[in-house]
Amino acid sequence: MFANVLFPLNLKESMGNIHSLARSLKSFDTQRLILLTVLSSDLSGKQAVHAQKKLSAIKEELEEYGFNIEILLRSGHIATEITRAASELDIGFICMTWKKKPFIRYTLMGSHTKDVIRLSDIPIFMFKRSLFSSSDTRLNAVLYATDFEANDHTILPYLNYDGLKANQLIILNVGQRAPDPNAEQTRLRRVHNKLLTLKDKCVESFDQIETVASIGNPKRVILRQARKNGADVIVIGKYTDPSTMQKVMGSTAESIAHRSRVSVLIIPR
Amino acid sequence: MHTKNIVFYISLFIVALLVSFGIYDPDNLYVISSYVHKNIIDHFGWGYLVSVFVFLVFSLWLAFSRYGKIKLGKDYEKPQYNYFGWLSMLFAAGMGIGLIFFGVAEPFSHYMNPPAYIQQASGEAARFSMQYSFFHWGLHPWAIYIIMSLAIAYFCFRRDMPFLISSCFYPLIGPRIYGITGYFIDILAVFATVFGIATSLGLGAMQINSGLSEAFGIPDTMQMTLVIIATVTVLFMISSISGLDKGIQILSKTNIIVAIILMMLMLAIGPTSYILNIFTSTVGNYFSSLLDMSLNTHPFEGYRWTKEWTLFYWATWIAWSPFVGLFIASISRGRTIKEFILVTLFVPTVLTFAWFSVFGGSALHLELFQGVEIAGNAVENVSTALFQVFEHYPLSMPLTITAVVLLAVFFITSADSATYVLAMMTSRGDLNPPMSRKLLWGILQSATASILLLSGGVEALKKMVIAAALPFTIVMLFLCLAIMRGLRYEVKYESEESPGEGQ
């Protein structure tokens, strides 16, 4: 599941961040790590030589974690090349670091990371900050935002994966209020039953599981609940066939990945 | 104060307060309401145009969407009223007196005072006057009413919520509809209804007086107008006591029959071919310019005209929408969304177009081809415009008497339906409100109309009602969202029995 990882690397990324990510990957039991850099220029130019050197240096540093590391250099449209490499190399997930851009720059130039989330059909781990404090080896809390659709079936194996074990799991559903009080009662009953079913399926992997049914704007509620519960990772599904509105406005997953202060694991349906 | 009656008591207090203000200081009330009204129209006029266009597009989309099959009631329910009864009541509540009042006056007003870019009293002004009369009384007002009534009918008849506008907001604000937010919405609706109806009744009584003066030489005075209001009050109270099924339905059917007779009579004795030409060409102009008229505020030339007419109308229809919406909803139980929208949108519109073509067309024919210069006089004295036109055609006396009867019956029907709606709104949405409450609101409406006519506060209150249309426009945009949420939930989770909520 997390054994083969594609790590698209911005050559300006700080080594501190790269090490921090490597420690997290180690806890996920990652074996094979593919360092990928996509250049906009030709692969025979100076930039490619520089990139090759830099990647080799990073490879050397990361080998101390015991990963089997490969280097890959490509040129073209960044997000397309990353997702193409991911599907060609049969990897488990793409791991990316998030660099916060100023609002104007983000609005004008967009974000390669956001493009990768949109284009990718395989899971993406959006690394925001170190998952563990120096003494811990276990996550404090994981928040799973569910919509009870087919995503649950895909995501449950990830939640129960040893590497993602945490003291607490928060299973959150953000829905919309039903049209009348009776229907709302029925909806809440059904949501609670579904949450309890999910809880039962995760009970062996977590010490404590909390279920939360909420209403409102999913993006805001998920981020608020993650903050409130001190979650280290938000796990969220993503539709591979988004609605017209999502195509225009971006999906919930894209928005959460952009706005969250903690790492986000996005799993396409 | 018992919370059950909170809407009733607060509404009563606000009505009393504003009426007192209108009696003791009508000038200041006029200054304040004019200031609010002017600023709203000046700054949010574009918002009215966009919102009303959204209501029209949303209604049409809803009718042809998969939600069109959903019933405004339980699946097994059948429509309570037959087509004739239903359409008669729709039309009487939605247009009523206004159509008789403006049937001649509005085309003449546009003909004499078109926007700056059209030459006054020209052929182009005549074409424009008919096209914009169709526009102001056509699909758009009905789209406004549809949004309000559809939301109420859906949430109340299908979702078993109380028959109140606040009920429609459950998907958006949940149990807060039973608190201050809900009370605010319902009180705003009562306020708009009381003063909207009071001003309309005032104008209606004045026109009846003018008609009686033309036909029988009865003096056209304030005292006579008050006597007319008192007489009509007694009549609509009798109708109100008989209830919706008898009183209003019988009156509405009478209205339609009399209106059609009057229209056919005028068509026969008036310039028939000319009227039919006007109808055909104006329908063509209307539909070919619908998008342009819907969104054009004429910012470069003619904005003042748009403010005085189109924006005034849009705000008026929106201010009327709580009353008309609640009434139309109450008579539309058991119809499918598609049937409800398409019939409500197109049938009254066609009838309105025919009305304007017949009366407006006959009036314009006098002015343009018979050398009778009545437009200027009609514009100055709007309430007599229709009767002035009758004078120049054969059978003017029977036409005038029929028009007066029609006015009186429309007057009674409007007041009766408003009384019913007000009593319902202030009885926690009881579809059979207590008789005492109906009587109280009936007397209060007529008293308000009389007092405001006497004190000269009608204009001020009219402006106040239009100012109330701004918050209601926002309320109605949220209503569209609430309707969508409700319907989407039903189709997604209740028809397929598929639980859960998605992100």
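Reply: First, a definition: a residue is buried under 20% relative accessible area, exposed over 50%, and partly exposed in between (1.4 Å probe, protein chains only). This is a predicted model, so local features need pLDDT of at least 70 and side-chain atom pairs pLDDT 80 or more, while totals for chains, interfaces and linings use all residues. Residues are numbered from 1 along each chain, chains are lettered from A and ligands numbered from 1 as written, and side-chain values use heavy atoms, without hydrogens or water.

Start with the interface. Chain A brings 25 residues to the contact (heavy atoms within 4.5 Å). Chain B brings 24 residues. Together they bury about 1,900 Å² (accessible area lost on being put together, 1.4 Å probe, summed over both). Carbon and sulfur atoms give 50% of that area. Three residues stand out on chain A: R177(A), P179(A) and R190(A). They supply 37% of the area that chain A buries against chain B, more than any other three residues.

Now look for charge pairs. A salt bridge needs a Lys or Arg side-chain nitrogen within 4 Å of an Asp or Glu carboxyl oxygen. The rule finds one salt bridge across the interface of chain A and chain B. Which elements of chain A meet chain B? β6 (139-146), β7 (166-175), α7 (181-202) and α8 (218-228) of chain A each give at least two residues to that side. Helices here are DSSP runs of H or I with at least four residues, strands are runs of E with at least two, and both are numbered from the N terminus. α7(A) gives the largest share of that side, seven residues.

Which residues make the bridge between the chains? D180(A) sits in the loop between β7 and α7 of chain A. R159(B) sits in the loop between α6 and α7 (170-173) of chain B, so this pair joins two chains. Buried or exposed? D180(A) and R159(B) are both buried. The pair also belongs to a network of salt bridges: D180(A), D75(B), R158(B), R159(B) and E490(B) are linked. In general, side chains of opposite charge can pair when their charged atoms come close.

Compare that with other bridges. Over all chains, the whole structure has 17 salt bridges. One of them joins E81(A) and R74(A), at 3.7 Å from N to O. E81(A) is buried, at 9% relative accessible area. R74(A) is buried too, at 16%.

Another salt bridge links R118(A) and D115(A), with the closest N and O atoms 3.4 Å apart. R118(A) and D115(A) are three residues apart in helix α5 (residues 112-119) of chain A, so about one helical turn separates them. An α-helix has 3.6 residues a turn, so residues three or four places apart point the same way. R118(A) is partly exposed, because its relative accessibility is 48%.

End inside chain B. Helix α5 of chain B covers residues 123-137. How many of its 15 residues are buried? Twelve are, so the helix is mostly covered. Among them are F128(B), M130(B), Y132(B), F134(B), F135(B) and W137(B). The buried residues of α5(B) pack against several chain B helices, including α4 (97-112), α6 (139-158) and α10 (272-288). Others on that list are α12 (303-331) and α13 (337-369).

How values were computed:
Buried area = accessible area lost by both parts, 1.4 Å probe. Expected span 1.5 Å × (residues − 1).
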